[in-house]
Amino acid sequence: MRTPVPDYLQDIMESCVDDGEVASYIPELANANPNRFGIALCMDDGTVYEVGDYQHEFSLQSAAKPFAYALAVEHLGPDGVEEHVGVEPSGDAFNSASVDAKTGKPSNPMINIGAITTYALTGPISLTPEERYENVRLGMSRFAGRELEPDLPVYESEMANAWRNLSLAYLVRSTGHFTLPPHDVVDGYTKVCSLKVTPHDLAVMGMTLGNGGINPVTEERVVSEDTAQRVLSVMSTCGMYDASGDWMTDVGIPAKSGVSGGIVGVLPGQASLATFSPRLDRYGNSVRGLQAFTRLSQDLGLHIMSLPPTGESTVRSVARRDQGDGPELHVEIQGPLRFSSAERVMRTLAALPVSDEPVVLDVSRVGSADRISVRMIHESMHRLHTDGHQVMVRDPNGVLRDRWDYNWDE
C-alpha cells in the first residue's frame with residue numbers, strides 16, 4: 001500500500017491561493033521565481049514526505065535565526081545569551097530597532113537586531129571573522145545533516161544593501177552587548193542567512209529541534225535537549241514577527257519564517273513541516289506557506305494547545321501470577337511515558353498492598369519515556385523496595401535501562 005500522506009500534501013499544495021509579492025529590498029531575491037512551491041514533512045524517525053519543489057534550493061534568510069540562536073545558547077548557556085538578547089516578543093517589524101529602553105538589549109533573537117547580536121555570541125571572542133562564520137556554517141550543516149553552502153549572489157546582493165542591519169549592529173555595539181567589529185558581525189550574519197537549503201533540509205533542521213536536539217536522519221546530537229526546548233519556546237512567541245500572536249492562536253505550531261519564502265514549524269516529538277513559496281504578506285511571511293500550515297493544523301489537530309490523549313490506557317494490566325516459588329505482582333504498562341501517563345503508573349503502584357511479594361514492572365510495550373517520567377517511576381520503584389517488595393523491571397527495548405539499580409528480568 002502506498003501511504004496517503006504525499007497525496008494529502010499534494011492536495012494541500014493545490015488548494016493554496018498564491019498572493020503577495022516577493023521580497024524586493026534584496027535585489028537578488030526579487031529575481032526569484034514566484035511560482036515555486038514545495039512542502040516537506042519530516043517525522044520524528046527521520047521519514048520525510050515531500051511534494052512540489054521540495055528539491056529547490058533557496059537561502060535561509062531569517063529561517064536561520066533559531067538555529068544560530070541554538071548554537072549561541074550551546075556556547076554561552078541560556079543565561080549568558082539572555083544577558084545580551086532577551087526573549088520577549090517585540091510587536092515590531094523584523095528590521096526594527098527593538099531594544100530595552102534602559103539597557104539597549106535587543107528584544108529577542110528572532111528579529112534582525114537580536115539575531116545579529118546572537119551571531120556575535122556563537123563562539124569565543126578570539127575567533128576570526130572567517131572562523132566564526134565557518135563555526136556557524138558547520139553547526140547549521142549538522143542540523144540539516146549535510147554540508148550547506150552559501151548562495152553567494154544573494155549574500156553579495158544583501159551586503160550591498162545592508163545599511164539597515166549595519167545601523168542596528170552599531171546600535172548594539174554602542175551599548176556593549178557585543179564587542180566585535182559591527183561590519184564583521186553583519187557580514188558573517190548575512191552569509192549565514194544566505195546558506196542554501198531545500199524544503200527537505202529545513203524540515204530535517206526543524207525536526208532536530210523537535211527531537212530534543214538529535215538529528216532524526218543522522219542520529220547525531222547537535223544541541224542539548226534544554227537548548228532545543230528553549231529555542232522552540234522563543235519560536236512560539238517571536239518566530240513570526242509581529243504576526244506571532246495571530247499565528248500561535250490560529251495555527252499553534254512554533255515556527256520561523258524567512259523573506260526568501262521559507263517557513264519551518266515544529267511539533268516537539270511529532271513532526272516538522274517546511275514550506276517554500278516566495279510571495280510574502282505584509283509581515284514578510286510566505287502567503288501559501290501560511291495557508292498550508294493553517295490547513296495542516298486544522299485538519300490534523302496539530303495545534304500545540306490541542307487536548308492530548310488521556311493516560312487511562314497506560315496501565316494495561318495488574319495481575320497476581322503464581323510463578324511456582326510464590327505469587328508475583330505483574331504491572332504491565334504501554335505507550336509513551338510522559339508526566340500524565342507516568343502519574344497514572346505511580347498511582348497504580350502506590351495502590352499495591354504493602355507486602356513482601358515481588359513486583360514485576362513490564363515496560364515491553366513502552367516505546368519511549370522522557371526524563372521526568374523516568375524519575376517519577378524510579379521514585380515509585382524505590383518506595384516499593386522500601387515497603388519490602390523485591391522489584392524487577394522487564395524492559396527488552398531498553399527504554400529504562402542504565403537508569404535503574406533494580407534486577408532485570410528479560
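Leucine 209 is in contact (heavy atoms within 4.5 Å) with Phe67, Phe143, Ala228, Val231, Leu232 and Met235, leaving aside its neighbours within four places in sequence. The model is predicted: local features need pLDDT of at least 70, side-chain atom pairs count only at pLDDT 80 or more, and totals for chains, interfaces and linings use all residues. Residues are numbered from 1 along each chain as its sequence is written, and side-chain values use heavy atoms, with hydrogens and water left out.

**Nonpolar cores**

- A nonpolar core is a set of buried Ala, Val, Leu, Ile, Met, Phe, Trp, Tyr and Cys residues joined through side-chain atoms within 4.5 Å; buried means under 20% relative accessible area, with a 1.4 Å probe and protein chains only.
- The largest such core holds 63 residues, of which Leu60, Met140, Phe143, Val192, Leu202, Met205 and Leu209 touch the most other members.
- Helix 3 (residues 65-82) supplies the largest share of this core, 7 residues.
- Apart from this core lies another, of 22 residues, among them Val51, Ala255, Ile263 and Ala271.

**Helix 4**

- Helices (H or I, at least four residues) and strands (E, at least two) are DSSP runs, numbered from the N terminus.
- In helix 4 (residues 112-120), 9 of the 9 residues are buried, so this helix is largely enclosed by the rest of the structure.
- The buried residues of helix 4 include Asn112, Thr117, Thr118 and Tyr119.
- The cover over them includes helix 3, helix 5 (129-144), helix 7 (163-175) and helix 8 (182-193).

- Five strands form an open sheet in the order 2-1-7-6-5, with antiparallel pairing; two strands pair if DSSP finds at least two bridges between them.
- Strand 2 (48-52) and strand 5 (255-257) stand at the edges with a single partner strand each, so one side of each is left without a neighbour in the sheet.
- Strand 1 (residues 38-43) and strand 2 run antiparallel and are joined by 5 bridges.
- Isoleucine 39 has valine 51, in strand 2, as its bridge partner.

**Cysteines**

- The count of disulfides, defined as pairs of cysteine sulfur atoms within 2.5 Å, comes to 0.
- Cysteine 193 is in no disulfide, and the nearest cysteine sulfur, that of cysteine 238, is 17 Å away.
- Cysteine 193 counts as buried at 2% relative accessibility, and cysteine 42 is buried with a relative accessible area of 0%.

**Annotated domain**

- The UniProt annotation "domain: STAS", from an unreviewed entry, covers residues 331-393; such annotations may be inferred rather than shown by experiment.
- The span of residues 331-393 is 44% helix and 22% strand, and its end C-alpha atoms lie 10 Å apart.

Notes:
Buried < 20%, exposed > 50% of the residue type's maximum accessible area, 1.4 Å probe, protein only.
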